[in-house]
Amino acid sequence: MTVRCPACGTLYRRPGRAARGEPTFRCARCGHVFDAVPDEPDAAPAEADTPQDEPAEPVDAPPKAEKAAAEKEPRRQITPARFAVRMLVIVSLLYTVVSAYLYTHVDATYRLLADVPVIGLRLVERRLSPAVVQLAGIRGEYLRVKGDELVFAIAGTAVNGSSTPVRGLRVEGWVTGAAEVRHAVTVGARPRQIADLSLREIGLLQALEPPMTWSLPPGEAVDFLIVFPEPAEDLKEFGARVTSVRAARNGS
């Protein structure tokens with residue numbers, strides 16, 4: 001038995017499941033929905049362009065594309081939010097493990113950090129109160145240096161009053177004239193004689209850091225010198241103070 005679409009004239013072989021009753025069909029070529037017309041005999045000639053071997057689809061059947069999509073189970077994808085949550089959990093667990101190790105292996109942790117190139121000693125040092133270092137014998141004077149340049153120098157002695165070796169000792173000096181000027185140096189790296197140095201050389205030397213192995217033992221003292229180039233000739237006040245100091249690990 002065959003059935004023909006009244007809209008486009010396509011001829012279909014009527015499926016056996018629609019042999020009873022009066023089913024409704026959808027044309028696979030033009031999409032037209034129509035009721036079945038009286039069956040035409042199988043011997044009727046069919047046009048060359050009609051897919052007679054293709055059965056018409058009943059209207060209540062879902063399209064093939066929809067059926068394939070419904071049968072195919074959607075794949076679960078990792079969203080950015082899910083990825084962020086997973087990474088947060090991993091980082092939190094890693095942080096917990098590392099923290100527990102550092103807490104239970106203090107000496108090993110210090111040794112490990114101390115071996116880091118360049119900054120290792122700084123990582124294992126702790127800051128101390130500047131009050132543990134006292135300044136003594138503070139004095140100021142005008143000096144002539146290379147090129148007959150006039151400078152003002154503040155000199156003195158820093159005494160380690162703590163029970164542990166210290167390093168990273170910074171001393172700040174200031175002079176007050178028409179305006180206040182401040183300079184800071186790291187103790188242990190100053191030039192001892194400046195009379196034969198130019199202003200540029202003095203500035204470079206005062207910016208240097210002492211060797212990483214340098215430290216000031218408990219009860220010991222070290223001299224410091226802070227130079228102010230081109231000072232005012234009517235200075236009213238000068239002074240110095242300790243701004244920072246660190247404890248040296250294991251006396252290094």
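**Entry 1: a loop residue**

I began with Glu230, which counts as exposed because its relative accessibility is 64% (buried means under 20% relative accessible area, exposed over 50%, partly exposed in between, with a 1.4 Å probe and protein chains only). Glu230 has a positive phi of about 50 degrees, although it is not a glycine. I noted this since most residues other than glycine have a negative phi. I found Glu230 in the loop between β11 and β12 (237-247); helices (H or I, at least four residues) and strands (E, at least two) are DSSP runs, numbered from the N terminus.

**Ground rules**

I am reading a predicted model, where local features need pLDDT of at least 70, side-chain atom pairs count only at pLDDT 80 or more, and totals for chains, interfaces and linings use all residues. Residues are numbered from 1 along each chain as its sequence is written, and side-chain values use heavy atoms, with hydrogens and water left out.

**Entry 2: another positive phi**

I then looked up Asp148, which sits in the loop between β7 and β8. Asp148 is not a glycine, yet its phi is positive, at about 55 degrees. Is Asp148 buried or exposed? Asp148 counts as exposed, because its relative accessibility is 55%.

**Entry 3: the sheet**

Next I traced the strands. I found an open sheet of three strands in the order β7-β8-β11, with antiparallel pairing (two strands pair if DSSP finds at least two bridges between them). β7 (133-145) and β11 (221-229) are the edge strands, each pairing on one side only. From one strand to the next, the twist averages 20 degrees. Between β7 and β8 (residues 149-160), which run antiparallel, I have eleven bridges. Gly140 stands opposite Ile154 in β8.

I also checked what crosses the sheet. Helix α5 (residues 199-206) lies across β7, β8 and β11, and runs at about 140 degrees to β11. Axes here are lines fitted to C-alpha atoms, for helices over the stretch in contact, and angles run from 0 to 180 degrees between N-to-C directions.

**Entry 4: Val151**

My last stop was Val151, in strand β8. Val151 counts as buried because its relative accessibility is 0%. Which residues does Val151 contact, leaving aside its neighbours within four places in sequence? I listed Glu141, Tyr142, Leu143, Val145, Leu199, Val227, Phe228, Pro229 and Pro231 (contact means heavy atoms within 4.5 Å). Val151 and Leu199 are 48 residues apart in sequence, and their C-alpha atoms are 8.6 Å apart in space.
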